[in-house]
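Morning, everyone. I have one structure to show today. Please take a look at the screen before I start.

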Amino acid sequence: MNIYLNTNTPLENLQDIAYHFSQLMLDREIIQNFVNGSQDAFKSVYDAYWNKVYGFTKLYLNSHQDREDVVQEVFVRLWNKRHLLDADRDLDGFLFILTKN
């Protein structure tokens with residue numbers, strides 16, 4: 001039996017499973033700290049998601065400057081709406097909704 005955790009690669013041994021589980025818990029902890037107002041956690045979220053959000057803006061905007069402006073605005077809105085986040089839910093979806101709107 002193969003186990004998959006948000007990857008297309010099966011986790012074949014307990015060490016792989018333990019590593020990915022610890023990453024999920026770390027992500028959950030960072031997001032919860034962010035929701036609680038931690039600026040360090042915000043920086044971690046920003047660093048982890050900046051490229052994804054920027055890449056998503058390429059679908060809608062041609063100008064590099066416009067894309068950077070939108071990404072900045074998305075993260076400002078994310079900070080202001082952090083109370084709406086749930087550490088157990090997918091942050092990607094929330095960010096992409098903010099980006100699209």
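First, the ground rules. This is a predicted model, where local features need pLDDT of at least 70, side-chain atom pairs count only at pLDDT 80 or more, and totals for chains, interfaces and linings use all residues. Residues are numbered from 1 along each chain as its sequence is written, and side-chain values use heavy atoms, with hydrogens and water left out.

Now the layout. The protein chain has four helices and zero strands. From the N terminus on, the order is α-α-α-α. Helices here are DSSP runs of H or I with at least four residues, strands are runs of E with at least two, and both are numbered from the N terminus. Of the 101 residues in the chain, 23% are buried. Buried means under 20% relative accessible area, exposed means over 50%, and partly exposed is in between, with a 1.4 Å probe and protein chains only.

Let's take helix 3. Helix 3 covers residues 64-80, which is 17 residues. From first C-alpha to last, helix 3 reaches 25 Å, close to the 24 Å expected at 1.5 Å a residue. That expected span is 1.5 Å times one less than the number of residues.

Which residues of helix 3 are buried? They are Arg67, Val71, Val74, Phe75 and Leu78. These residues cover an arc of only 90° around the axis, which puts them on the same side of helix 3. The arc is taken from the directions from the helix axis to the C-beta atoms. A reminder on the geometry: an α-helix has 3.6 residues a turn, so residues three or four places apart point the same way. The face turned away from the buried side of helix 3 carries exposed Gln72 and Asn80. Aspartate 69 is also in helix 3. Aspartate 69 is partly exposed, at 39% relative accessibility.

What caps the N-terminal end of helix 3? Serine 63 does, with a side-chain oxygen 3.3 Å from the backbone nitrogen of glutamine 65. For polar contacts, the cut-off is a pair of N or O atoms within 3.5 Å; within protein, one must be able to donate a hydrogen and the other to accept it, and residues adjacent in sequence count only if both atoms are side-chain atoms.

On to helix 4. Its buried residues are Leu91, Asp92, Leu95, Leu98 and Thr99. Seen down the axis, they fall within an arc of 130°, so they line one face of helix 4. On the other side of helix 4, Ile97 and Lys100 are exposed.

Now the packing. Two packed helices are described by the angle between their axes and the distance between the axes. Axes are lines fitted to C-alpha atoms, for helices over the stretch in contact, and angles run from 0 to 180 degrees between N-to-C directions.

Start with helix 3 and helix 4, residues 91-100. They pack at about 120°, with axes 9 Å apart. That makes helix 3 oblique to helix 4. On the cut-offs, under 35 degrees is roughly parallel, over 145 roughly antiparallel, 65 to 115 roughly perpendicular, and the rest oblique.

Next, helix 2, residues 39-57, against helix 4. The angle is about 50°, and the axes are 10 Å apart. Helix 2 is therefore oblique to helix 4.

Last pair: helix 2 and helix 3. Their axes come within 10 Å and cross at roughly 140°. So helix 2 and helix 3 are oblique to each other.

A few C-alpha separations to finish. Glycine 55 sits in helix 2 and is partly exposed, at 33% relative accessibility. Its C-alpha lies 8.8 Å from that of arginine 67, twelve residues apart along the chain. Aspartate 69 and tyrosine 54 are 15 residues apart along the chain, with their C-alpha atoms separated by 9.8 Å.

And where is aspartate 88? Aspartate 88 is in the loop between helix 3 and helix 4. Aspartate 88 is exposed, at 55% relative accessible area. Aspartate 88 and isoleucine 31 are 57 residues apart along the chain, and their C-alpha atoms are separated by 8.8 Å.
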